[in-house]
Amino acid sequence: MYILSKDFPDHVGTEVTIKGWLYNKRSSGPIAFLEMRDGFSWTQAVVAKAGVTTEVWVDVEKVTHESAVEVTGTVSKHLKKAGVFELQVTNFKILQLAEDYPIALKDHGPDFLLENRHLWLRSKRQWAILRLRDAIITGINQYLHQEDFIKVDSPIFTPNACEGTSTLFAVPYFDLGSAYLSQSGQLYIEAAIASIGRCYDFGPVFRAEKSKTKRHLTEFWMMDAEAAFFEHEDNLRVQEGLIRYIVRYCLEHCQEELAALERNIENLKKVDAPFTRYTYEAAIKKLNENGSDIKFGEDLGNDDEGILTKDSDVPVFIEKWPKSIKPFYMKTDPSNPERVFNDDLIAPENGGEIIGGSQREEDVNVLINRIKAEGLNQADYEWYLDIRRYGSVPHSGFGLGLERVVRWISGTEHIRECIPFPRTIGRLRP
Ligand code: 4AD
């Protein structure tokens, strides 16, 4: 019977067949240990020369790394490790004998691995990250639906900027001039909430950012959420609930993956509400007291984020930033017209900024002035201004960078391992 390795617990003592790839092979005289993977887990298949035909043993001896194979055997429990199963092999077939595999089971430099990303994805760490990424996506979808958000897709070709004009990718667009690859679907889901109340989008976004950091990609996945009749505090509450839910979901569903990643799960277990909070002003004060030379009105650097999260087990909100360094759509704080009702959420353990959000300006005239002050072309935003002309309501939302969250929860140093095929300034292949 052909089964997936994840179903071994239901088949102890039975003969089954699994299909997959040979990850590693060790031999000790008349016994061979085949480490196999079928996509669902890693399995040790034990072949005794005396227990198989001569033809099968010849195939076992000649099989190479990453060959596609079919293995039949009896499922047994590992003698020492609870929850681990083995196959006592009765039959073995090579489906395709792999050529010399370029990735050996030793350290390679990052450039070599990135050139071979299509093969590197098969390694255990990358397998774990792919699965964790999927769990994070599932957790996000579940939580938002529980909170009555529904998914509304936003376009990728857009006529105008959402997050400033300096990071736009332009694409020739027939007779209509240039289209720009979306930096965030926010403006579109702001339009959609007037139809359905609460919604989110989830898709690739693009930033022509020249940053060569461990946290920046030129193509990454963003989940933008937006809700009508939500003010600043409601916005923070949902962000906090979402992150707490995602972490718990991963702890519950990704035990094997987190173990493969050697992630300290005790730290993840501490992620609970309430999250730490600083106003931007208080954050600058704390940073200056702790040796940072950041000046009021500047964005936080990596080291600054490190200082602010150092003493916190939970993510840290930095709220109410100076209007002068934030986009046109953020709502001005009426009690301090130089500030906006926004937040950045910084993950602990060097996770960096994982969410950016704000209450949105709902007054059409204030918004027009902000658009002009930023040197944007008002005509491009007339459709967006209509949202304020016809039934404008207080509303808020936020954008979560998926790879940033994967990076933090997986404990991965570089964001390029957190997306299947990374795009950075210097990399477009494979
Ligand atoms: O803070 P950002 O720029 O916010 C927006 O785009 C809003 N329009 C979102 C909204 O309110 N709906 O980006 C949101 C998040 C950041 O917090 C970060 O996690 C991630 O997107 N991000 C990046 N991730 C990888 N590479 C980059 N170059 C990123 N730039 C932002």
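How many residues surround the ligand, and which are the closest? The ligand is surrounded by 23 residues, with E163, Q186, E209, D224 and E353 the closest; a residue is counted as near a molecule if one of its heavy atoms lies within 4 Å of it. The structure is a predicted model, in which local features need pLDDT of at least 70 and side-chain atom pairs count only at pLDDT 80 or more, whereas totals for chains, interfaces and linings use all residues. Residues are numbered from 1 along each chain as its sequence is written, and side-chain values use heavy atoms, with hydrogens and water left out.

By class, the shell around the ligand consists of nine nonpolar, six polar and eight charged residues. In this scheme Ala, Val, Leu, Ile, Met, Phe, Trp, Tyr, Cys and Pro count as nonpolar, Asp, Glu, Lys and Arg as charged, and the others, Gly among them, as polar. At least two shell residues come from each of strand 11 (219-228), strand 17 (352-359) and strand 18 (395-401). Strand 17 contributes the most, with four residues. Helices (H or I, at least four residues) and strands (E, at least two) are DSSP runs, numbered from the N terminus.

Individual atom pairs were then examined. A polar side-chain atom of E209 lies 2.7 Å from a nitrogen atom of the ligand, and one of R360 lies 2.9 Å from a ligand oxygen atom. At G401, a backbone N or O atom is 3.4 Å from an oxygen atom of the ligand. The protein covers 93% of the 630 Å² of accessible area that the ligand has on its own, as computed by the Shrake-Rupley method with a 1.4 Å probe.

Across the whole structure, 28 salt bridges are found, each being a side-chain nitrogen of Lys or Arg within 4 Å of a carboxyl oxygen of Asp or Glu. One of them pairs E417 with R125, whose closest N and O atoms are 3.6 Å apart. This pair links distant parts of the chain, 292 residues apart: E417 belongs to the segment after helix 13 (402-410), and R125 to helix 4 (residues 124-146).

Backbone geometry was also considered. Most residues other than glycine have a negative phi, and most peptide bonds are trans. The bond from A273 to P274, however, is cis, with omega near 0 degrees; P274 lies in the loop between helix 8 (265-269) and strand 12 (276-279). A cis peptide bond also joins R429 and P430, with omega about -5 degrees, and P430 is found in the segment after helix 13. K320, which is not a glycine, has a positive phi of about 60 degrees and is located in the loop between strand 13 (316-319) and strand 14 (332-333).

Conventions: A polar contact is a pair of N or O atoms within 3.5 Å; within protein, one must be able to donate a hydrogen and the other to accept it, and residues adjacent in sequence count only if both atoms are side-chain atoms.
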